[in-house]
Amino acid sequence: MNEFKLKILDLLKEDARLSASTIATMLGADEAEVSAAIAEMERDHVIVKYATVVNWSKVDDEKVTALIQVECTPERGRGFESIAERIYLYPEVKSVYLMSGAYDLQVEIEGKTLKEVASFVSNKLSTIESVIATKTFFILKKYKQDGIIFEEFEGDQRLLVSP
């Protein structure tokens, strides 16, 4: 990946709404060259999707998000690939990561209620043959996601006390 494409990716990561024209101006490049680079990265699945980060706590339609640590037995010849694929195909699953350490996969899911998430873990995830154990952690509040701070906090308002 050349430096030019990396700069385009950095700019799009900060604001996916930037036009090729704006990016070209920011980089001092030709708009056609920027458009071609973006099209190539989309075609090669370097750019997979343009997404919006939503602060769901500011919306009436709140969601319950859980992180689930999954310990599983790898399958002969495929390792964790087929297990991860089976898990990420569920619509409530938002992300799946292969991890190092005490567990094998980390799964992020969203549901409308705690009961819905618990039902997913007990009825779908835990019943997969290779799954040995799960630990579920509910996200109570998001402060920062994808480098974006959701709430700006004021500095310490206490008075300075000196001896």
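**Close-up views of a predicted model**

View 1. Helix α1 covers residues 3–14, which makes 12 residues. At 1.5 Å a residue, α1 should span 16 Å.

View 2. Which residues of α1 are buried? They are Lys5, Ile8, Leu11 and Leu12. These residues cover an arc of only 120 degrees around the axis, so they sit on the same side of α1. An α-helix has 3.6 residues a turn, so residues three or four places apart point the same way. Turned away from the buried side is another face of α1, and there the exposed residues are Glu3, Asp10, Lys13 and Glu14.

**View 3. What the buried side of α1 meets.** The buried residues of α1 pack against α2 (20–27). They also pack against α3 (31–43).

**View 4. The cap on α1.** Which residue caps the N-terminal end of α1? Asparagine 2 does. One of its side-chain oxygens lies 3.2 Å from the backbone nitrogen of phenylalanine 4.

**View 5. An aromatic pair.** The structure holds one aromatic pair. Tyrosine 90 and phenylalanine 120 form it, edge-to-face. Their rings are 5.4 Å apart, centre to centre, with 90 degrees between the planes. The pair links distant parts of the chain, 30 residues apart. Tyrosine 90 is in the loop between α4 (81–88) and β2 (93–98). Phenylalanine 120 is in helix α5 (residues 114–125). Is phenylalanine 120 buried or exposed? Its relative accessibility is 2%, so phenylalanine 120 counts as buried; the cut-off for buried is under 20%.

Technical notes. Residues are numbered from 1 along each chain as its sequence is written. This is a predicted model: local features need pLDDT of at least 70, side-chain atom pairs count only at pLDDT 80 or more; totals for chains, interfaces and linings use all residues. Side-chain values use heavy atoms; hydrogens and water are left out. Rings of Phe, Tyr and Trp (its six-membered ring) pair if their centres lie within 6.5 Å; planes under 30 degrees apart count as stacked, over 60 as edge-to-face and the rest as tilted. Helices (H or I, at least four residues) and strands (E, at least two) are DSSP runs, numbered from the N terminus. Buried means under 20% relative accessible area, exposed over 50%, partly exposed in between (1.4 Å probe, protein chains only). The expected span of a helix is 1.5 Å times one less than its number of residues. The arc is that of the directions from the helix axis to the C-beta atoms. Contact means heavy atoms within 4.5 Å. A polar contact is a pair of N or O atoms within 3.5 Å; within protein, one must be able to donate a hydrogen and the other to accept it, and residues adjacent in sequence count only if both atoms are side-chain atoms.
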